[in-house]
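Grab a pencil and work through these exercises with the model open beside you. Try each task before you read its solution.

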Amino acid sequence: MTTVYWAISDSVTMTGRGLRHLTRSIDSLLTSIMLPVLLMLVFVYIFGGAIAGRDAYVNYVVPGIVLLCCGYSSTATAVGVTNDMVTGVIDRFRSLPIHSSSVLTGHVAASVFRNAIATVLVLLVAVVAGFRPNASALEWLAAGAFLLLFVLAMSWLAVCAGLLARNADAAGGFTFIALFLPYLSSAFVPTETMPKALRGIADHQPITPMIETMRGLLRGTPIGDSAWLSVAWFGGILVVCYLGAGVLFKRRTAR
Amino acid sequence: MTTDVIVRTTGLRKSYGKTEVLAGVDLAVRRGSVFALLGPNGAGKTTTVRILATLLRADGGRAEVAGHDVTTESAKVRTKISLTGQYAAVDELLTGEENLQMIGKLLHLPRARRRERTQRLLEQFDLVEAAGRAVKTYSGGMRRRLDLAVSLLAQPEVIFLDEPTTGLDPRSRQDMWQVVRDLARGGATIFLTTQYLEEADQLADHIAVLDNGRLIAEGTADQLKSSLAGEQVELHLADAVAYDLATRLFNGTALHADAERRSLRIATDGSAAGVRLLLNDLADRAIAVEKITLRRPTLDDAFLSLTGGKR
């Protein structure tokens, strides 16, 4: 029992470390919030009129923007993990009588906090821009749960990327994928409008069912089997990356 | 005998791919002593320390720290040791005090004890003023001191210092030496690695010289020095004629001859009688000597003669 207590205590300490980092690097927090907000404004006010009319489009695009924001912010975890690996601070943690996985758990927990702040801010700006969700309390709760699953999966994926990257710059490159994938989905335009080959990719990549689920929960559009697909996709990614991170951590530190 | 030894390795081996880094290393470190593992870059010093600190698994041989096997009882070993590496293992974004508090929490020290230790270590390492600043604003010496302070939170029995002064300016190096001496006086066992002979000479009770993954010499600083030729007399001759005469007199037995400075180095037993005989010899032949210097070989001489031949 005490083992479990200390394992949790260590993870809490590490989470505190991650949160302190957050307050020490306000600029990177701002970037990860400003970027999605700017993108939303660009799409709503510049392209929106041409795509579907501004008011209709803001309601269409916000769920995608929220996921883009979370994906981008989750991948920042990779940079933190790589930094720990290359600066020697990991040797300090590993020479302590603690469970060394708490280092990684701390990074992911801090990522969840960071995303919670960013998501709330992005949603507030969205409402100002005309976003009108019609979700019930239960649907908000469900949306939160799906978002949490998404953030956890992307964060652990980022941990793996961080463990694989040789330096922080390489780890930073990983955010590019997170930023690019939503464009190849139903985030900004319905996939029916895309060329056939592209549509094939867009329809079958994991972000599309997640976006459709969020849109359904927040705006009442049909969800269909998107909910199950996204649980399968991101649940799968989460399990694989969580286990993979353990293996990669051992390999990275056994030098 | 066994209870006296706190770190022991037998036949320690480690390879990275085809490169053999440790080729069977036997070490024994007495409790409460300062032990220096001395060697050039790439000799295997860091690898040895990382194995002893449970960060790395050896390919062969055994290693015990504080009575526990580093492989099978690594968790127990970790409660008895601390490691300060070549690169300060501190969190750059946190302040000095936050670093100490965080590690204190991870060591599961009770809150009151954590506070007390943090305060005392900040004072001991002259970091009170910098305690509230982010570590990224610290100088190299301050980082190293904080790193060491962090590693002492738990009051470990064995303190591993991997090249504790590499990259520090002379002043910070002196400070660090003083810190190590204080720690040793406090009763901890200190296992340090260094590539500076002077450092080993200044600090260590016992020195082991590592080269290419093998121990090539072991002993006290004095023993290592005297394993070379003993004392030497350096003669500075008055002029070129005297230098020529003296060179002929010693007829190739001089250890070192420098025509430009007109100096010759001659082996001696270091006794007054021996030196007097030598000087009488010169005086009898009217060879004018300007001045003489008695010289003991430095650890550098010992080190170069031990490692130099094989390179």
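## Exercise 1: Sizing up chain B

Solution. Start with contacts in chain B whose separation is 6 or more: residues 24 or more positions apart account for 68% of them. Keep in mind that this is a predicted model.

Next, look at the secondary structure: chain B has 11 helices and 14 strands. Its radius of gyration is 24 Å, well over the 19 Å that the globule rule gives for 311 residues, so chain B is more spread out than a compact globule. Along the principal axes, the C-alpha atoms of chain B fill a box of roughly 80 × 45 × 35 Å.

Now check the division into domains. Chain B is split into domain 1 (2–226) and domain 2 (232–295). Taken over C-alpha atoms, the centres of these two domains of chain B are 46 Å apart. Finally, 40% of the 311 residues of chain B count as buried.

## Exercise 2: Now chain A

Solution. First, list the elements: chain A has 10 helices and zero strands. Read along the sequence, that gives the pattern α-α-α-α-α-α-α-α-α-α.

The box for the C-alpha atoms of chain A is roughly 60 × 40 × 35 Å along the principal axes. Of its 255 residues, 46% count as buried. As for contacts in chain A between residues at least 6 apart in sequence, 80% join residues at least 24 apart.

## Exercise 3: A covered strand

Task: Find out which strands pair with E3(B), and whether its residues are buried or exposed.

Solution. Begin with burial. Strand E3 (residues 34–38) of chain B is mostly covered, with five of its five residues buried. Val34(B), Ala36(B) and Leu38(B) point one way from E3(B), while Phe35(B) and Leu37(B) point the other way.

Now for the partners. E3(B) and E8(B) run parallel and are joined by five bridges, with Phe35(B) standing opposite Phe191(B) in E8(B). E3(B) also pairs in the parallel sense with strand E9 (residues 206–211) of chain B, over four bridges. Here Leu38(B) stands opposite Val209(B).

## Exercise 4: An open sheet

Solution. Take the order: four strands of chain B, E2-E1-E4-E5, form an open sheet with antiparallel pairing. The edge strands are E2 (19–30) and E5 (68–69) of chain B, since each pairs on one side only. Zoom in on one pair: strand E4 (residues 60–65) of chain B and E5(B) are antiparallel over two bridges. Asp69(B) in E5(B) is the bridge partner of Glu64(B).

## Exercise 5: Where the chains meet

Task: Describe the side of chain B that touches chain A, then follow Tyr87(B).

Solution. Count first: 26 residues of chain B are in contact with 19 residues of chain A. Helix H2 (74–78), strand E6 (81–84) and helix H3 (96–106) of chain B each supply at least two residues to this side of chain B. H3(B) gives the largest share, four residues. By class, this side of chain B has 16 nonpolar, five polar and five charged residues.

Now zoom in on Tyr87(B), which lies in the loop between E6 and H3 of chain B. Tyr87(B) has 18 C-beta neighbours inside 10 Å, so it counts as partly exposed; a buried residue would need 20 or more. Leaving aside neighbours within four places in sequence, Tyr87(B) is in contact with Thr87(A) and Gly88(A). Its C-alpha atom is 9.0 Å from that of Asp147(B), 60 residues away along the chain.

## Exercise 6: How confident is the predictor?

Solution. Take chain B: its average pLDDT is 87, and 95% of its residues score at least 70. The lowest mean in chain B is 70, in helix H11 (residues 299–307), and the highest is 95, in strand E8 (residues 189–194). Where pLDDT is low, the predicted coordinates should not be read in detail.

Chain A averages 88, with 99% of residues scoring at least 70. In chain A, helix H7 (residues 168–180) is lowest at a mean of 81, and helix H6 (residues 137–164) is highest at 94. For the complex, the predictor gives an ipTM of 0.82 and a pTM of 0.78.

Definitions and conventions
Residues numbered from 1 in each chain as written. Chains lettered and ligands numbered in written order. Predicted model: local features only at pLDDT ≥ 70, side-chain atom pairs only at ≥ 80, totals over all residues. Domains from an automatic or database assignment. Contact = placed C-beta atoms within 7 Å. Nonpolar A, V, L, I, M, F, W, Y, C, P; charged D, E, K, R; others polar. pLDDT = per-residue confidence, 0-100. Buried ≥ 20, exposed ≤ 12 C-beta atoms within 10 Å, placed from the backbone. Pairing = 2+ DSSP bridges. Rg over C-alpha atoms; globule rule 2.2 N^0.38 Å.
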